[in-house]
Amino acid sequence: MLAVSVSVFIFSSGFSFNPRVPSRVIINGEEVGGLTYAEAKNKVRKGIEKELSSKSLSVVGGSQTYTFRYPEIGYKDNLTKLMKDAKKGGEYRAQVSYYLCGLNTVASAICFNESVKVVEPYADFSRFGKPFTYHEGSDGKNVDVKKLKADICSSLNGDFGRVKLSFTKSYRTQTLDVVKSKTKLLASFTTYFDSSNLSRTSNIRLASSFLNGSVVPAGKTISFNDTVGERKKSRGFLSAKIIENGEFTDGVGGGVCQVSTTLYNAALLSGLKIEEYHPHSLAVSYVPPSRDAMVSGRACDLKISNPFNEPVYIRASVSGGSVRFEIYGGGDGAAYSLSSGVTGSVPREEEKTDNPEKVRDGKDGVLSEGYLVINRGGYQKRVLLRKDKYLPVKKITYIGDESL
């Protein structure tokens with residue numbers, strides 16, 4: 001008895017899942033009476049899709065027109081409910097609504113393609129010629145994604161009229177004057193050398209070229225040694241006078257310390273912070289005492305940090321017998337100057353020699369102090385930067401004729 005009941009249930013279920021449209025029913029002009037729901041839907045939908053294939057949706061942008069057709073345009077209908085409610089001999093019209101497949105993705109892609117980003121005024125930094133080339137920038141425009149989607153839906157369920165994008169303008173937030181105020185000349189410093197000394201001149205020119213065009217971002221530090229690199233012959237550096245162990249002697253890279261010293265002074269005058277510097281053991285001729293910055297190998301470096309909220313830009317140039325550094329940026333509104341003074345001396349020693357080639361006058365050593373003078377808002381502040389001791393140079397006299 002149980003088996004018979006199950007069989008009847010299965011038969012009844014199978015029959016109920018294959019309903020048919022009542023006889024003589026017409027939907028969208030198609031005779032579908034007596035057909036299964038699936039057959040009727042297929043017949044009616046062929047007509048819907050034929051009609052849809054003749055239509056298209058156009059979205060008109062600023063740069064191009066985007067056209068969509070079936071099957072990019074999909075549809076929904078009420079055929080299932082219509083057939084369930086259909087009466088024998090009835091004539092009906094299906095309700096059809098249309099939609100753009102992947103509407104969110106398509107609308108976003110159109111907006112991305114049509115929107116124009118704001119280009120703020122900016123400056124291009126150059127190593128040569130004019131330090132900056134200024135650009136006005138341009139305003140932008142945006143497409144309202146939400147409105148675009150709504151307009152597409154309205155068009156598809158209306159008369160398939162063209163959808164025209166609506167743009168809203170977006171404006172630059174700063175002016176070119178602001179850019180120029182952030183790229184002004186903060187300070188420059190020049191030192192001089194004997195251009196007839198070709199090896200020293202070549203070293204100064206080469207070291208300066210590595211520093212020229214450097215940009216130090218806000219809060220970052222530039223290392224002289226890392227930027228210039230190792231001073232060796234394979235990199236183009238030549239032998240010239242250097243200070244070693246309190247004596248002037250020949251060494252590869254002679255003259256590079258004049259480059260670091262010039263940069264050191266320009267940096268201080270710009271309001272930059274000196275993170276590391278080293279004085280020479282002997283006083284040099286191209287800057288006053290307590291204004292030098294010696295570099296040597298990897299042990300002695302010059303490191304300069306940018307305390308400002310904007311980048312600073314470094315230009316270096318060598319012309320004739322001078323090396324010059326210029327530093328550009330926004331600064332902090334203060335004016336800086338440097339001063340130094342000799343506070344004492346270290347007497348030179350004297351020795352005698354019978355070799356006339358060793359004779360020299362020598363010079364006393366120097367005790368000195370260096371100060372940074374800050375002028376801000378009408379107030380002046382004098383800050384002690386450093387105290388230095390420069391060794392004396394021994395005097396050597398000739399005694400070759402004393403025995404006569």
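**Close-up 1. Helix α9, residues 256-270, in its surroundings.** Helix α9 has 15 residues and reaches 21 Å from first to last C-alpha, close to the 21 Å expected at 1.5 Å a residue (1.5 Å times one less than the number of residues). Helices here are DSSP runs of H or I with at least four residues, strands are E runs of at least two, and both are numbered from the N terminus. This is a predicted model, with local features needing pLDDT of at least 70 and side-chain atom pairs counting only at pLDDT 80 or more, while totals for chains, interfaces and linings use all residues. Residues are numbered from 1 along each chain as its sequence is written, and side-chain values use heavy atoms, leaving out hydrogens and water. Because 15 of the 15 residues of α9 are buried, the helix is largely enclosed by the rest of the structure (buried: under 20% relative accessible area; exposed: over 50%; partly exposed in between; 1.4 Å probe, protein chains only). Glycine 271, with a positive phi near 90°, follows α9.

**Close-up 2. Residues where α7 meets α9.** From α7, Arg200, Asn203, Ile204, Ala207, Ser208 and Leu211 meet Val256, Gln258, Val259 and Leu263 of α9 (contact: heavy atoms within 4.5 Å).

Close-up 3. Look for proline 71 in the loop between β4 (65-68) and β5 (73-77).

**Close-up 4. Arginine 24, with positive phi.** Phi is near 60° at arginine 24, in the loop between α1 (2-16) and β1 (26-27). With 53% relative accessibility, arginine 24 counts as exposed.
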